[in-house]
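Please keep the sequence and the 3D view open as you read.

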Amino acid sequence: MIRTNQTIPATVAEQLLAIDVFAELLASADPAHMGKKLTEQIQEITGAKTVILVTHTIGSNLHEIIHATPERRVHLFSPKVLQANCPG
């Protein structure tokens, strides 16, 4: 489902899926491994080849990769690529 920039309420199925993902995350992962678990779950749900979790400080151009799944693809995301895809 492709969404535009318009605000569209999530369907009940989408809400339940989000609740399930976060419930599983909180129940099965310790804080040190939450980034890994979250990216793995998103990859499983979406079928994406690569999922990255990035932190960004508002007002700065600094991005930090918290985790990438699969880890071998983290090298694809240089600071320049992150800046282009995550404008601040």
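How many Å² does the accessible surface of the protein chain come to, and what percentage of it belongs to carbon and sulfur atoms? The accessible surface comes to about 6800 Å², and 60% of it belongs to carbon and sulfur atoms. Accessible areas come from the Shrake-Rupley method with a 1.4 Å probe; for residues, only the protein chains shown count as cover.

## About the model

This is a predicted model, in which local features need pLDDT of at least 70 and side-chain atom pairs count only at pLDDT 80 or more, while totals for chains, interfaces and linings use all residues. Residues are numbered from 1 along each chain as its sequence is written, and side-chain values use heavy atoms, with hydrogens and water left out.

The mean pLDDT (the predictor's confidence in each residue, from 0 to 100) is 84 for the protein chain, and 91% of its residues reach 70 or more. Where pLDDT is low, the predicted coordinates should not be read in detail.

## Overall layout

The protein chain has 3 helices and 2 strands, in the order α-α-β-β-α from the N terminus on. Helices (H or I, at least four residues) and strands (E, at least two) are DSSP runs, numbered from the N terminus. The C-alpha trace spans about 40 × 35 × 25 Å along its principal axes.

Of the 88 residues in the protein chain, 17% are buried. Here buried means under 20% relative accessible area, exposed over 50%, and partly exposed in between (1.4 Å probe, protein chains only). Of the contacts (heavy atoms within 4.5 Å) with a separation of 6 or more, 24% are between residues 24 or more positions apart.

## The hairpin and what follows

Strand 1 (residues 51-56) and strand 2 (residues 63-69) run antiparallel and are joined by 6 bridges; two strands pair if DSSP finds at least two bridges between them. Val 51 has Thr 69 as its bridge partner, and Leu 53 stands opposite His 67. The two strands form a hairpin with 6 residues between them, and Gly 59 in the turn has a positive phi of about 90°.

Pro 70 lies in the loop between strand 2 and helix 3 (79-85). As background, most residues other than glycine have a negative phi, and most peptide bonds are trans.

Is Thr 39 buried or exposed? Thr 39, in helix 2 (residues 34-46), counts as buried because its relative accessible area is 1%. Not counting residues up to four places away in sequence, Thr 39 touches Val 51, Ile 52, Leu 53, His 67 and Thr 69.

Glu 24 is found in helix 1 (residues 12-28), and it counts as partly exposed because its relative accessibility is 36%. With residues up to four places away in sequence left out, Glu 24 touches Lys 37 and Gln 41. The C-alpha atoms of Glu 24 and Leu 38 are separated by 9.2 Å, with the two residues 14 apart along the chain.
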